[in-house]
Amino acid sequence: MECRAFFGRGVSLCCGTWTVLTRVPAMKCLLVSDLHYTLKQFDWVYSVADSFDAIIIAGDHLDIVAIAAKEAQIVVILKYLQRLAGRTRLLVSSGNHDLSSTNDAGEKVAKWLARARGAGAAIDGDSLEIDDTLFTICPWWDGPLLREEVGAQLARDAQRRTGAWVWVYHAPPDQSPVSWIGKKHLGDEYLLRWIGEYQPDIVLTGHIHQSPFRQGGSWADRIGTTWVFNAGRQIGPCPTHVVFDTTAKRAMWFSLAGNEIVPLDQPLNRPFAEYDEGA
Ligand SMILES: [Zn+2]
């Protein structure tokens, strides 16, 4: 794939900001999240990596109730992230299961994820420009100070936005079908406010595993002009996932419950159309 070769060349990292120096004519991205130390699902992501210009893993790489100790999980997951970053552009954010230490303010952070940056991944706190699309990767915030940092990060990137703007953020926004658990919403109210304030083009999330599968829930929503996605979580070797095609301006969701497609250049219209890959 032409774009794949490109990713190995025109990218530079400066003070947590990735800059791509050459134009990408088209971009195909994969969103997965909440793999929760399901190694067969990491294997699947690796097996398809060559087909995508960018892969986004939106948090909860580890699992706090897994049998393996957290430190052992971290070693294994870092190896996966390193291998993935060797094949395509990789963007990873932390989730609530990934917190391994505390910062100076006593708030929990996924400090280990910084080692994935050394392997070539863009992570929490980074901003990544691919063509004219700006990606902002936000950490899971566990307290008011980190939340303020996320707010400052978004305010800073709002100033440099020139084309499309995409956020990677583990929790989905509150009051949306993508944060619906069947009886109520369990989303992030601050994210909802930030979306209202900045109106990014796309927000890529996870965290609420059941939202796409519950009556009243969904894998996709539109808040103002912002598209929001939460692929959800399923058992088996293939994770639920969303594929974005920025050329065709469409997003497709793949799951054991079926596949759906939404056109990104049209207003949100439920129910979404079924997507038949072979059609
Ligand atoms: Zn999760």
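Trainee: In which sense do strand β4 and β5 pair, and over how many bridges?
Mentor: β4 (residues 54–57) and β5 pair in the parallel sense, over four bridges. Strands are DSSP runs of E, at least two residues, and helices are runs of H or I, at least four, numbered from the N terminus. Two strands pair if DSSP finds at least two bridges between them.

Trainee: What kind of model is this?
Mentor: This is a predicted model: local features need pLDDT of at least 70, side-chain atom pairs count only at pLDDT 80 or more, and totals for chains, interfaces and linings use all residues. Residues are numbered from 1 along each chain as its sequence is written.

Trainee: Back to β5. Which residue stands opposite Leu91?
Mentor: Ile56 does.

Trainee: What order do the strands of the open sheet take?
Mentor: Seven strands run β5-β4-β3-β14-β15-β16-β17, with mixed pairing. β5 (89–92) and β17 (273–274) stand at the edges with a single partner strand each, so one side of each has no neighbour in the sheet.

Trainee: Now helices. At what angle do α2 and α3 cross?
Mentor: Roughly 10°, and the axes of α2 (residues 39–48) and α3 (residues 70–85) come within 10 Å. Axes are lines fitted to C-alpha atoms over the stretch in contact, with angles from 0 to 180 degrees between N-to-C directions. That makes α2 roughly parallel to α3, a label for angles under 35 degrees.

Trainee: Which residues meet there?
Mentor: Phe42, Val45 and Tyr46 in α2 meet Tyr80, Arg83 and Leu84 in α3. Contact puts C-beta atoms, placed from the backbone, within 7 Å.

How values were computed:
Angles under 35 degrees count as roughly parallel, over 145 as roughly antiparallel, 65 to 115 as roughly perpendicular and the rest as oblique. Two residues are in contact if their C-beta atoms, placed from the backbone, lie within 7 Å.
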